[in-house]
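Work through the exercises below with the sequence and the model side by side, and try each task before reading its solution.

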Amino acid sequence: MYAQVSTHVTLLNRLVDGSDLSAWTDFHRRYGELIRGFARRRGAQDADCDDVLQDVLVSLTRAMPQFSYDPQRGKFRSFLKTVVDRAVYKKLRQNPPDSSLDAFDGYDAIGEGDGDADAAWESEWRHYHIRQAMQTIDVEFNQSDRLVFRHYVVGGKAPGETAELLGVTINQVYKAKSNILKRLSELIARQVEEEG
Amino acid sequence: MAKQREIDAPSWFDDQDLLIAELRHGEFLPRRAPGLEGFDDLHEIGRGGQAVVYAGTQRSTKRRAAVKVLLDGAYTSQVSRRRFEREIELVASLRHPNIVGVYDSGCSADGHPFCVMEYIDGVPLDDHVSGLNLQDPRDPDFRNYLGLFVAICDAVNFAHQRGVLHRDLKPGNIRIDRDGQPHILDFGLAKTMGSASDLAARSSVSIEGQFVGSLAWASPEQAAGDPDGIDIRSDVYSLGMILYFSLTRGFPYRISGALHETLGQIRTAEPIRPSALNKRIDRELETIILRCLAKEQDRRYQTAGELAADIRRYLAGDPVVARADSTWYTLRKTVRRYRTAVAIGGVVIAAAMILSVVMTILYGRATSAEAVARQEASRATVIRTFLEDMLASADPDAKGREVTVRAVLDEAAKDLETGLVGEPVVRGSLHAIIGKTYRGLGDFPMAKDHLDAAIALFQEQFGDDDEHTLEAQGELAELLLDQSKPDQAEAVIDLLRTKVSARFPVDHSLTLRVEAVFAKLRSHQGRWAEAEALFVPLVERRLQFAGADNKETLATMNNLAAVYHAQGKYAEAEALHRRALEVQTATFGKDSPPALSTMGSLAAVLNSLGKLAEAETILHEQIEGALRVWGPEHRTTLAMQSNLVFNLRQQGKFDEALELVQGYLPIQKRVLGPEHADTIQSMNGLASVYVDKGQFEAAMTVAREAYETCLRVYGDKNVDTLTSMHNYGSAMLKAGQLEDAARLFERNLELCRELYPTDHPELAWPMNELAGVWVKQGRIDAASEMYADAVRVVRKGLPPDHYFLPWLLYNRSSALLDAGRLNDAERDLLECYRLYREKAGDAHSDTQYAIRSLAKLYRAAGNVEEAERFQALVTPPASDSATAKSP
């Protein structure tokens, strides 16, 4: 049901095809938060983030039919970054952040090795991968394991406390952590291979 | 089970600690809503530009609730917050099973308004729909869905009756619970946001991340940004849009462009018929949907209740109330919209021209198959939308630069290249239209490229014998005619006619089209009688099927008129041209290309009729219009000036004529090439003017060049070749090369007789010339006979007051005088005098010429009385009275 790898490939194929409108909805669901997150980090206001997203999707509409999908590592990701960078830059030119215009000048380097931008992109991309992979986790693992993961691994609670809260043994707590992390790692590895 | 990888350092996802760090850093924990008390387990379930929605358990009531917290924006002021709260109260009073209940509202500690709503465990409508099979009306899913939709309409109607508008209806705002019941969210919350920019601000994601956001569902009045124009019927529109999307998975307009484009689309673009996207939707349902989507509010269902009722009727199999709008009606409106040609800084966008091309596509088809008609209409709608985009984009940009049709077209051609449009049929059609438009602009190479592309696409998609392919080939044949390549055109047309007659009925639009091109070929080749026989029934059929104000009909009328003209049927030609011009002016405007073109044809007929001054006025008008529309370098503008030259010469305004032709001939040579028919015609014109002015050497040079080019390009049986031959001969004659001239004129007359029908009035001129040469050579008898023939032909085929008759008579009388046949000469001269006097009075120079000749004749005959009588009428040449006109 959640064949992540083929979902990405087929999604791109559907976008390239150009006639499948629901492909855009899917694309938005998948990458929306990534794009908005990046825009926010780069200084766009909340409302602007939506504009950026809209803009990115519009640019992609134009570009996708020519985009020849090549499962080289990172190709889609860097392509997407270019588009997003441009959209963010455009938006910021319109509404520069309240901070001084000096900060604004720094955006000249956008898209050309701006260290901050690269870091932000990398960060958002990692979160994107985690979110994607988590969807599969949600399906593959039972509620108990998932709650363990949430409280113990992500929330940082002590193992004993977690076990008591959820009514499971400590062994089960450790096992859940190990299994889920391993699976996450696998899933993300495959995703990264596909999308970058 | 990690795969082997080439990189050295472990990636962040390989290393457990790094991965955990990311998990924690990325805040994958649910966020607690800021400053909201009284809720347990509050976690974010959705986020948009304006609000965040959380779900949780209300501690006081132990029930699940959704809490929508509005972010910064229009709500920070006291006024707007109070307004918001009042709205909430109103909505909270709506108690309906299908409207999400509002429990509470308030303001969080950090100043964010929020409202607490019923939590619906379910999915948004678009998710629900994607799991259904709505493509097939026979599937139970389909009817069930319509029933669901009716429930939605009823709920909306309920709210309307209590004075609450929704204003933001879309699939994202409708949730379907586990029992399949709909629940409408966010009633009335949009009221404070009335302007288009606010709408735009909300145009991105809503709760469930619907890509298209609110904008796609917004009604034209909302897109126009007029808050007072929004009423119940705006919600009806949105409901229609929801239905459209559910059943077709598509949108009726392009909604993925820039904001202003999308708004424009919503306001003005005609929707694509639902059946174009989902063939199984029947006419009745389609009509219901389209009625909701009408641009004018008055033409939609006036309440959501009416809409629900019609759908119920449809489900029950009863006739529905919605009447299909005739596409002709909507098209008429579109035509009127383009009637005022958009003038941008002096460059006129020939919108009518482009639109009329579209109309041709829509109405050039007179087939009765409804399915085909619908498909064509929808294809045309996509095309028209594309074109309207194209035209709409022709606005001066922020810097105020002007945009020409050419630039717009180039842009559109580029868009087509980048594959903005996917479907091959549409792409082919667009190539065809763009090719045709380039042709209209005179850019033949570009036109050919696009037509070739269209033909290739159609051949690939549909094969060689398909209507689309054949039609595009017809377009190509016309282009070849424009390029003066009649042989190539004939090859294409022959093949077309065979194929078309084999596969299509006699009154199919494609048959008519191909017949029209064939007729044009014949007229291009000078085979007038055949062309007439082809055009006459074509005009009748087009009048019948498409009406008089259809571009194709008018073009055919003009073509027929030109054929009449060429055959000397000047009265018929004039009447037909005037009629066409009237309709064109009324429909497209005076400066429209079709009207301008007809003006030229009319002037040409008036010229032939001898109404020279009238023709000159029209020609001036036409040229001014052409300069505005096409600029000085367009083939059409150049050709029009050529016509004016001819007219000026006939009026004796030689200096004006010379100046004019010396102005545009170099441009023609450069732009069209030295062998183009128009260039040659201009050269002929120039030579003629030189002759008129007595610059014979210059005339001979130009005339020879023109003649030799004609021979080379067209051979000797061609009107242009003959004209240039005649000019060359005249020049030779004037330069004193008698023998050569005589031989040339003899040959010329021979060829003219082969080309024109017997006794065609056009023959009079070469006859006249030849006779004149013979006179000079002393072959008086032969000359007299030739003149007699010429006079006969003129009396037969030209109006009695035509200027050429007295001219001929005069020439003949001279010859007769030289031959000593005074009585015959007298007879001719008297008639000549009478004609001139009737037309222009005694004082006119032509009449004076006759008078003086008569005086001289009578003196020679010894008839003193008559001689004196005429001598008295002679006015001295120095006086102004010879040129004095009556007031």
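**Exercise 1.** Determine which residue forms a salt bridge with Arg178(B), and where in chain B the two partners lie.

*Solution.* In this predicted model, the partner of Arg178(B) is Asp121(B), with 3.0 Å between the closest N and O atoms; a salt bridge here is a side-chain nitrogen of Lys or Arg within 4 Å of a carboxyl oxygen of Asp or Glu. The pair links distant parts of the chain, 57 residues apart: Arg178(B) sits in the loop between strand S7 (174-177) and strand S8 (182-184), and Asp121(B) in the loop between strand S5 (113-118) and strand S6 (122-124). Helices (H or I, at least four residues) and strands (E, at least two) are DSSP runs, numbered from the N terminus. As the last step, consider accessibility, where buried means under 20% relative accessible area, exposed over 50%, and partly exposed in between (1.4 Å probe, protein chains only). Arg178(B) counts as exposed at 68%, and Asp121(B) counts as partly exposed at 39%.

Residues are numbered from 1 along each chain as its sequence is written, and chains are lettered from A and ligands numbered from 1 in the order in which they are written. Because the model is predicted, local features need pLDDT of at least 70 and side-chain atom pairs count only at pLDDT 80 or more, while totals for chains, interfaces and linings use all residues; side-chain values use heavy atoms, with hydrogens and water left out.

**Exercise 2.** Find the salt-bridge partner of Glu530(B), and classify both residues by accessibility.

*Solution.* The partner is Arg527(B), and the closest N and O atoms are 3.1 Å apart. Glu530(B) has a relative accessible area of 35% and is therefore partly exposed; Arg527(B), at 34%, is likewise partly exposed.

**Exercise 3.** Locate the two ends of the salt bridge between Asp716(B) and Arg747(B).

*Solution.* The closest N and O atoms of this pair lie 3.1 Å apart. Asp716(B) is in the loop between helix H29 (696-714) and helix H30 (719-734), whereas Arg747(B) belongs to helix H31 (residues 738-755), so that the pair, 31 residues apart, links distant parts of the chain. Asp716(B) is partly exposed at 29% relative accessibility, and Arg747(B) is partly exposed at 32%. Elsewhere, Arg753(B), Asp759(B), Asp789(B), Arg792(B) and Lys796(B) are joined into one network by salt bridges that share partners.

**Exercise 4.** State how many salt bridges the structure holds, and describe the secondary structure and burial of chain B.

*Solution.* Over all chains there are 53 salt bridges. Chain B contains 37 helices and 10 strands, and 55% of its 887 residues are buried.
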